[in-house]
Amino acid sequence: MLSVLNDMRRPSAGRTLLLGVVASAVLTGLVWLLGQRLHGVRLLPDQGASWYYWKLPEPTVWTRASAWLGYAAHQLAVWGLIYYAQTRVRRYTTGLHRVNVVALAVNFGFVVLHTLQTHLFYDGLAQDVSIFSSQGSVVLLLVVVLLMENGRRGLFAGRPAPISAEVVGFARKYHGYLFSWAAIYTFWYHPMESTSGHLIGFFYMFLLLLQGSLFMTRAHTNRWWTVTLELLVAVHGTLVAVMNSGPGGMWPMFLFGFLGIFVITQMHGLGLSRATRWVLAALYAGAVLVVYGVRGSGRIDEIVRIPAIEYLLVAVLAVLFWLGLRAARLRSRFRPRRSA
């Protein structure tokens with residue numbers, strides 16, 4: 001009875017989620033507004049796809065330290081909160097735990113800190129690490145979600161891949177640490193610039209930080225909310241591709257690649273009727289035919305690249321997790337026992 005009363009007194013996680021989405025949009029607007037001050041920052045000419053444009057030509061110890069120390073503090077703080085929740089809370093509720101309130105405050109505080117750091121020192125982590133590390137961290141997050149959800153929604157048209165429950169359980173237990181790293185690393189990788197691509201990306205990062213703050217609540221596992229986060233990468237990737245290379249660029253690879261994963265895997269975990277799923281699949285196929293009727297069928301292979309990469313990475317991760325768990329089991333088995 002007392003636990004029920006305590007749940008009633010807690011702020012609703014669902015309401016907090018809705019307010020958090022609005023707050024993420026407001027924060028994105030503030031990034032755009034403050035970013036107008038950064039137009040005078042001198043940058044080097046663009047040098048190709050592997051070059052990250054938004055970094056200082058002559059970094060200093062202070063510009064580097066401000067980014068790395070801010071990132072490290074943010075990362076360690078969130079990891080500490082996840083560990084606390086797993087060891088002390090250990091129970092999902094409809095309301096917020098105190099640790100959720102702390103997590104929301106911590107993430108908001110570091111958003112403010114990164115904004116100040118950008119306007120004082122500008123550089124993010126991009127000065128010292130490859131652009132592909134930032135992109136890869138988000139891809140890894142999406143791949144682990146596919147692995148984690150294999151038992152609930154399957155991997156191919158609702159049918160699960162032959163991945164052991166032990167591997168899925170391991171991914172579910174420790175995914176918070178990996179996901180927080182992917183979001184926080186990517187967040188600190190970029191300065192708080194106000195280009196369209198940055199704004200779309202920061203809005204997505206704010207939503208991921210919000211999701212990461214709601215651990216141990218029912219909102220955190222809401223299947224419509226989580227699949228929305230998975231699908232937003234299609235929106236982000238497509239818009240950035242259009243802005244970078246125009247209508248004739250690679251945007252269909254991102255749009256149809258990520259939507260293909262939705263049709264093959266993600267929509268089967270939403271409780272939709274078979275008829276609805278067939279309609280969605282038909283709409284997807286029809287859109288592909290229309291677009292490639294204009295672009296030419298010789299380029300249609302690009303839509304399978306992202307699904308092929310993600311499903312291959314699911315298999316690779318599953319094998320690596322299994323090998324790691326197997327090695328840990330063997331090590332514990334052959335560890336010398338202490339004498340009485």
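Trainee: Which helices each supply at least two residues of the lining of the largest cavity?

Mentor: This is a predicted model: local features need pLDDT of at least 70, side-chain atom pairs count only at pLDDT 80 or more, and totals for chains, interfaces and linings use all residues. Residues are numbered from 1 along each chain as its sequence is written, and side-chain values use heavy atoms, leaving out hydrogens and water. A cavity is a set of points on a 1 Å grid over the protein atoms alone where a 1.4 Å probe fits but cannot get out; lining residues have an atom within 4 Å of a point. Helices are DSSP runs (H or I, at least four residues), numbered from the N terminus. Here the helices are α5 (131–148), α9 (223–245) and α10 (251–264).

Trainee: Which residues line the largest cavity?

Mentor: The lining consists of Leu142, Leu146, Glu230, Val233, Phe258, Ile261, Gln266 and Glu310.

Trainee: With which side chain does Glu230 meet in a salt bridge?

Mentor: Side chains of opposite charge can pair when their charged atoms come close. A salt bridge is a side-chain nitrogen of Lys or Arg within 4 Å of a carboxyl oxygen of Asp or Glu. Glu230 meets Arg153, at 2.9 Å from N to O. Glu230 belongs to helix α9 and Arg153 to helix α6 (residues 150–153), 77 residues apart.

Trainee: Is Glu230 buried or exposed?

Mentor: Buried means under 20% relative accessible area, exposed over 50%, and partly exposed in between (1.4 Å probe, protein chains only). Glu230 counts as buried because its relative accessibility is 6%. Arg153 is likewise buried, at 2%.

Notes:
On a 1 Å grid over the protein atoms alone, a cavity is a set of points where a 1.4 Å probe fits but cannot get out, and a pocket is an open set with protein on both sides within 12 Å along at least five of seven lines; lining residues have an atom within 4 Å of a point.
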